[in-house]
Amino acid sequence: MAAKCFLFFLFITTQLWAENTIISYENGARINTPIPSFREKQSISAEEALSTGSFQQSIYEESQGFSEDAYWHKMTFPKQTSSNTEKTIYLSLNYYLIEHLDFYLFHGNQLKTHWKRGALDNWKDNTKHYEGIWIPISLSDEQNTTLLIRKQGNSPLLTPFILFNDTSAENKKEEQLIFWTFIISSLSILLAHNVFVFILLRQPGFVYYLALNVTIIIALSVITGFNRWIFSPEISQWVIRNLFTIFGTGAWILFRFSLHFLKEIQIPSPQSFIRKYGDVFFIAFLLLTQVSSVKTSALFFALIEVLMFLICTYWGIKAYRKGFLAVRFYLFSWFVLIIGSILNTLIFWKVLPINLFTESIFPVSSILQLLGFSFAFADKAKQFERSRKLQALTDPSTELPNRTYYYDTLPTLLPNMEQNTPQLALIMIDISNYQTLSQAFGPAKADSAICEAIKNIHKQILMMEGILTFPLPNKSIQKLIRITATNVVLISTTPDQIKQQISKIQQILDIPTLVNKIHFRHQYKIGSALYPSQGSDLDKLYQNALIANNSVTYSSGSWAVFTDNLKSNHAHQLGLITQLTEDIENEKLYFHIQPQVNLADRSIIGGEILVRWHNEHLGQVSPAEFIPLAEQTGLIYKLTDMLLEKVFQWAFEHPAALSTQRLSINISALDLLQKDFAIQVIEKLQNHHLSACKFTIEITETSIFQNNNIVHNNVRQLHHAGFKLAIDDFGVGYSSMQNLVALETDELKIDQFFVMNLLNDPQSQTLCRNMIDLCKALNIVSVAEGIESEEILQLLLQWQCQIGQGYHLYRPMSPSDYLKLLD
């Protein structure tokens, strides 16, 4: 497109040059020789100038430079001797920036007519409409005719004059009118179009483009001479006086336009010198135009033109190399505008002559550059639309295809793949230690570590054969899709090689990641499912791969393949979660109490609250099955809240249960991670007028408590209220010795795994006895769970274990049976 516009520019200028050659030869006589001139040293009248003998051709060149002095020029026409000779000829010039310009027509020594045609003069003539500078020279047949021209002002040049007869003058006026109409119409149509585009796009940078349109219209009106055609004389004169202020404002607008056009790709950078101080530079130039001469202003403006051309061209090339394709029309527009402006400046500095060709360069280049910038905006809008589509389909952190790509774009690629590859395999990788990373180093560094791991996986996959590629709108090719923050998928086109492919991925994931100068090894799970045998569409395929992924247990490896058995188990768990949610909301869960016994005298000292669930569809469900699900799904918080409410209400209604006994209530470790958990428990207790010293809170999975302020605050508040705290199932799972101190533990419950094996397993005996000794050393109450025989009870008594519970003593029972037992 840029090449076409440039060829169009060459075609137009060539036609104008050819037209100029024909006119200057056939329709007008161009005076290119120096005209006799002299410099006015003191103010004189036209008659005095006519009579002076100081006119010299050598002074003409001097008059064409910058000077505030007045210069007189003389053109002499001999008397008419033939009736065929024109009685009136017309003088015209193409330069309209001379501030004060007077024409004096003499027949002999007699002044016939005086015209004022300066840019700052009031013309005061009776012309019907403005046609430019046309001086009708009526030739005398009795004596010589002289035309004196007085030029004064800061503007250089007088320009070659052209003489026309009546017919050619009318033709030339008509051509000039057409030329002006073309320029004004073109610029007005462009301006109207751009205003409409601005209303649609509402891009802030477009305001500068509209302002540039207006500035160019004003500048062209002065340069090509139609300013008095569209503006009043007062406005025209103000424009002439502030012409370089207008030029400088236009350059400033272009500068601001460039900054906005390229800001999305950070060119120039926000910290660059020119972005910070460019506006100051232009303001300084505008102030300079108000206090300096026209020559100085012109010199600095020429410097600004060259600098802007170099800087903006550099910016444009840099942006193009960064992939910002819309900048190609921007570069074309800059080239056309600056070339036209520089050529126009060369006219101002007398390097180029004024003729129809050179006069037309700047108007044509202005129109072309406005068209180019308009195309640039349209191209930018298209590129942004492509970028928006790309952003909608990619993950910003890794630039990989995202969830939207998987569900919206990938389905269109699969039909073609099925023709070449009848079976595919979806491989899902889930990095499962994000929460641990976030708690240890903060979410930002956790995100960074996960992204680094995903990028490393992708680098490995790019080198692997048999992996489906995913094309993006920017023509890049990826092989990995990021579904969630920690979940990515890829598709193998060679399911028979999936074991080798996953092995290579595992090797990458097993490499430790450096986080805060600590080598951290990621935990991950991988699941796979076959297409189309295990999923006829991508949603079903993802679901089955997710089921396989969730079935991974670290003891059995990090990869699981989807099977129908996994699907059945998953469906069962989903049904459990649904029913559990409903029954918790309807408070259908209940509790039993297993008595706890003082082993020394066999007296009941309290009981442990055990939650129970009987569902009308599922029947009796084991706590070992539904409590882990409640913790995984977040239902544990509602379950704990419901259980506490029921236990406190029952204890309030049956004060005998707490007269000499205590109740132990199990809670999840996740409960203590809630900020206001202790406050809520204490409020419930107070609402039922109960004493906290009658209750013990039992906690499992205490490894997550390490260095957690929320947990420590909850523990302090519970202790301060009077609750006892016990570590449940000590010796298995993730219980930590450190938490015996951190939780200010009152009781330690030895897990039944050790207690039930005391008679047959020497190691269990050693561990159990050491835990009892630890309790004695720390002054902590020791509680043994799972006492199934008298022999085990006697052994625990021998080791001085204080409290026990188990089927040999009492089975869990209903609250009413527990009350009867106490009676």
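Guide: Q501 has its place in helix 16 (residues 498–509), where helices (H or I, at least four residues) and strands (E, at least two) are DSSP runs numbered from the N terminus. The model is a predicted one, in which local features need pLDDT of at least 70 and side-chain atom pairs count only at pLDDT 80 or more, whereas totals for chains, interfaces and linings use all residues. Residues are numbered from 1 along each chain as its sequence is written, and side-chain values use heavy atoms, with hydrogens and water left out.

With a relative accessible area of 4%, Q501 is buried, a word that stands for under 20% relative accessible area, as against over 50% for exposed and in between for partly exposed (1.4 Å probe, protein chains only). If residues up to four places away in sequence are not counted, Q501 touches I427, M464, E465, G466, I467, S492 and T494, contact being heavy atoms within 4.5 Å.

Elsewhere, an open sheet of five strands runs in the order 2-3-8-5-6 with antiparallel pairing, two strands being paired if DSSP finds at least two bridges between them. Strand 2 (37–40) and strand 6 (110–116) stand at the edges with a single partner strand each, so one side of each has no neighbour in the sheet. Within the sheet, strand 3 (residues 70–77) and strand 8 (residues 145–152) pair over seven bridges in the antiparallel sense, and the partner of F77 in strand 8 is T145. Strand 5 (residues 100–107) pairs with strand 6 over six bridges, again antiparallel, with Y104 opposite H114. These two strands form a hairpin with two residues between them, and G108 in the turn has a positive phi of about 70 degrees.

L147 touches residues including F77, F103, Y104 and W115, not counting those up to four places away in sequence. L147 is also, with F103, L262 and Y330, one of the residues that touch the most other members of the largest nonpolar core, which holds 89 residues; such a core is a set of buried Ala, Val, Leu, Ile, Met, Phe, Trp, Tyr and Cys residues joined through side-chain atoms within 4.5 Å. The largest share of this core, twelve residues, comes from helix 8 (residues 243–262).
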